[in-house]
Amino acid sequence: MKRRTLGQNFNVSAIGLGCMGMSHGYGRPKDTQEMKEFLAQAVDFGYTFFDTAEVYGTDDDPHANEKLLGEALAPFRHQIQIGTKFGIYFDTTATTTNKPIRTDARPETIRRSVEDSLRRLRTDYIDIYYQHRQDPQVPVEEVAGVMAELIEEGKILHWGLSEVDADTLRRAHAVCPVTAVQNRFSMMARWYESMFPVLEELQVGLVAFSPMANGLLTARYNEHTQFEKETDYRSVMPQFTKENMDKNKELLTYITTLAEAKKATPAQVSLAWMLCKKTWIVPIPGTTNLERMKENGGAADVLLTAEEVAHIDTALATMTMSEVFGGSPVK
Ligand SMILES: NC(=O)c1ccc[n+]([C@@H]2O[C@H](COP(=O)([O-])OP(=O)(O)OC[C@H]3O[C@@H](n4cnc5c(N)ncnc54)[C@H](OP(=O)(O)O)[C@@H]3O)[C@@H](O)[C@H]2O)c1
């Protein structure tokens with residue numbers, strides 16, 4: 001697969017693999033052995049950038065995803081890059097499908113988290129360590145100070161922030177240079193485009209999460225698709241309700257037509273659109289399926305001209321589409 005550079009020198013596969021859905025948020029956790037084989041197949045295909053977080057798991061096994069990656073990727077450790085995240089936990093007392101998020105970025109908590117993640121990931125360094133959400137109680141400068149120490153100690157190579165705005169990024173970057181932000185970005189969620197000039201100015205990359213609007217942009221779901229209520233966040237995501245599936249028909253027809261013209265699939269076009277926008281954007285689509293992993297990885301070879309990207313932008317800005325999931329509430 002083609003490669004990209006985030007920040008000054010963090011070299012990764014042009015498309016990363018989002019691993020959350022293997023253990024968290026998209027139905028029951030997938031079979032561990034199958035996922036270990038699947039992760040090895042992803043390395044074999046050319047993915048080198050793997051995304052996880054300390055909180056991807058279930059009530060019974062809250063850190064399952066890091067443990068899975070640790071086991072599966074140990075044989076490839078020095079040819080791949082792992083991103084993980086700290087600074088939040090879920091309110092498991094809530095009865096909602098997607099649990100509210102609580103933040104904790106106190107230096108002592110980060111110190112504990114990094115040691116636990118290193119142990120579960122079976123490694124002595126994390127390639128990129130992200131603050132998952134801002135903690136209103138802990139100034140970002142203090143978090144950045146801890147990141148500088150962890151870099152100095154060799155425990156992390158790079159750091160980043162997730163769901164962060166331009167002002168907070170600037171403050172963080174002034175204390176310890178940031179390599180990438182990981183923000184929600186897709187054809188349905190374009191609000192961080194206003195931050196692009198700042199990312200360019202600071203030379204900070206964008207790791208785009210939920211780049212296919214949680215799967216909707218693949219055009220493989222319809223109003224009859226059923227998601228398990230208790231375990232699958234998609235059962236409460238606005239873009240998948242019957243009414244909104246109707247509203248999104250124009251968008252899905254548009255992407256399908258574009259895909260046909262490019263001899264590609266809707267999933268590939270939705271990823272190619274952001275890859276061709278900026279050289280410093282790296283999407284991390286999530287999948288647990290071999291064919292879909294290869295399909296998504298193939299998006300790195302789908303080329304759109306600047307003119308085509310601009311046309312798509314205009315069309316997206318003017319067509320009707322529903323609201324898209326914006327994340328679990330931070331309380
Ligand atoms: N920083 C944050 O706060 C944050 C939040 C959310 C996610 N993330 C990260 O971003 C990654 C990706 O985001 P995401 O998983 O929420 O959304 P996404 O990548 O937009 O969509 C993933 C969903 O689409 C399905 N899918 C993937 N490829 C497909 C294809 N070619 N055709 C049909 N369906 C396809 C997957 O199901 P199958 O498994 O069945 O293919 C999965 O349900 C996560 O894994 C996680 O690592 C970070």
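Biologist: How far is a polar side-chain atom of serine 210 from an oxygen atom of the ligand?

Modeller: This is a predicted model, where local features need pLDDT of at least 70, side-chain atom pairs count only at pLDDT 80 or more, and totals for chains, interfaces and linings use all residues. Residues are numbered from 1 along each chain as its sequence is written, and side-chain values use heavy atoms, with hydrogens and water left out. A polar contact is a pair of N or O atoms within 3.5 Å; within protein, one must be able to donate a hydrogen and the other to accept it, and residues adjacent in sequence count only if both atoms are side-chain atoms. For serine 210 and the ligand oxygen, the distance is 2.9 Å.

Biologist: What is the distance from a polar side-chain atom of aspartate 51 to an oxygen atom of the ligand?

Modeller: Aspartate 51 is among the residues that come nearest to the ligand, as are Tyr26, Thr287, Thr288 and Arg292. The shell around the ligand has 31 residues, each with a heavy atom within 4 Å of it. From the side chain of aspartate 51 to the ligand oxygen, the distance is 2.7 Å.

Biologist: How much of the ligand's exposed area does the protein bury?

Modeller: Proline 211 also reaches the ligand, with a polar backbone atom 3.4 Å from an oxygen atom. Taken alone, the ligand exposes 910 Å² (Shrake-Rupley method, 1.4 Å probe). The protein buries 93%.

Biologist: Which helix gives the largest share of the shell around the ligand?

Modeller: The share is three residues, from residues 290-297. Helices are DSSP runs (H or I, at least four residues) and strands likewise (E, at least two), numbered from the N terminus. Asparagine 289 caps the N-terminal end, with a side-chain oxygen 3.0 Å from the backbone nitrogen of glutamate 291. The element is helix 10.

Biologist: Is alanine 213 buried or exposed?

Modeller: Alanine 213 lies in the loop between strand 11 (205-209) and helix 7 (242-247). Leaving aside neighbours within four places in sequence, it is in contact (heavy atoms within 4.5 Å) with Ser186, Met188, Gln239, Phe240 and Val324. Buried means under 20% relative accessible area, exposed over 50%, partly exposed in between (1.4 Å probe, protein chains only). At 1%, alanine 213 is buried.

Biologist: What is the relative accessible area of asparagine 65?

Modeller: Asparagine 65 is found in helix 2 (residues 64-73). Asparagine 65 is buried, and its relative accessible area is 0%.
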